[in-house]
Amino acid sequence: MRLIILGGAGAGKRTQAQRLSSHLSIHWISTGDILRDAIATLTPLGKQAQAFVEKGELVPDEIMIECMRQRLLLSDVAKGWVLDGYPRTAFQAEELDFLLEDLGQQLNWAIWLDVPQSVLEVRCLKRGLIDDQPEIIQRRIQLFQERTMPILDYYGYRQRLLSIDGEQTPEQVQQNILKRISQTAVS
């Protein structure tokens, strides 16, 4: 099973990715963790990404695409994964499809955690992460609206999009995702 979790900052992507990873026995790939590790260890990609992350900007496509290429080439994810935080643009989604084709893999579902902006802001402030400052949160949400929302059209057109109400409890969200996945596997 190969899944993508989509949603704004604070939508619950990390929580659901961890839950799905455990429940489906597939690897969880966190783009945020990959970037934080690359920045902390001063890899060439980490050095390039650092300035963007510190400003709350999206890391440029070419850097993210290369990060994902390197990660998906590792053998531990050959049988399945759930991506958290990637892709973030329609271009990245298309590049991911090309990469998966090269690897002989196919995406099963892009799962959209639909959460209103006001709820996203409150959730981000409650997380208390270093980069969860009000102005950075606002910028992330603005960028999400501008650059990430077109992904919904991209995956919707390809009939690979599952829309889930992300305002529910984490348990309810997970149950709804698993129900939708199992329903679509049968049909």
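Buried means under 20% relative accessible area, exposed over 50%, and partly exposed in between, with a 1.4 Å probe and protein chains only. By that scale R88 is partly exposed, because its relative accessible area is 34%.

This is a predicted model: local features need pLDDT of at least 70, side-chain atom pairs count only at pLDDT 80 or more, and totals for chains, interfaces and linings use all residues. Residues are numbered from 1 along each chain as its sequence is written, and side-chain values use heavy atoms, with hydrogens and water left out.

**Annotated site**

An unreviewed UniProt entry lists a "binding site" that includes T31, R36, E57, L58, R88 and R140. UniProt positions follow the numbering used here, feature names are shortened, and annotations may be inferred rather than shown by experiment.

R88 sits in the loop between β3 (81-84) and α5 (90-103). Helices (H or I, at least four residues) and strands (E, at least two) are DSSP runs, numbered from the N terminus. Not counting residues up to four places away in sequence, R88 touches L58, R147, T148 and I151; contact means heavy atoms within 4.5 Å. The R88 side chain also reaches the backbone oxygen of G85 at 3.0 Å.

R36 belongs to helix α2 (residues 31-40). R36 counts as partly exposed because its relative accessibility is 45%.

**Strands around β4**

Strand β4 (residues 109-114) has five of its six residues buried, so it is largely enclosed by the rest of the structure. Two strands pair if DSSP finds at least two bridges between them. The pairings of β4 are listed here.

| Partner of β4 | Sense | Bridges |
|---|---|---|
| β1 (residues 2-6) | parallel | four bridges |
| β5 (residues 161-165) | parallel | five bridges |

I111 is the bridge partner of I5. I111 also stands opposite L162 in β5.

**Nonpolar cores**

A nonpolar core is a set of buried Ala, Val, Leu, Ile, Met, Phe, Trp, Tyr and Cys residues joined through side-chain atoms within 4.5 Å. In soluble globular proteins, nonpolar side chains tend to be buried together.

The largest core has 29 residues; I4, L6, L72, W81, L83, L96 and Y155 touch the most other members. At least two residues each come from β1, α3 (44-54), α4 (61-72), β3, α5, β4 and α8 (150-157). Helix α4 gives the most, with six residues. Leaving aside neighbours within four places in sequence, L83 is in contact with L3, I4, I5, I29, M68 and L96.

Conventions:
Polar contact = N/O pair within 3.5 Å; in protein donor to acceptor, adjacent residues only side chain to side chain.
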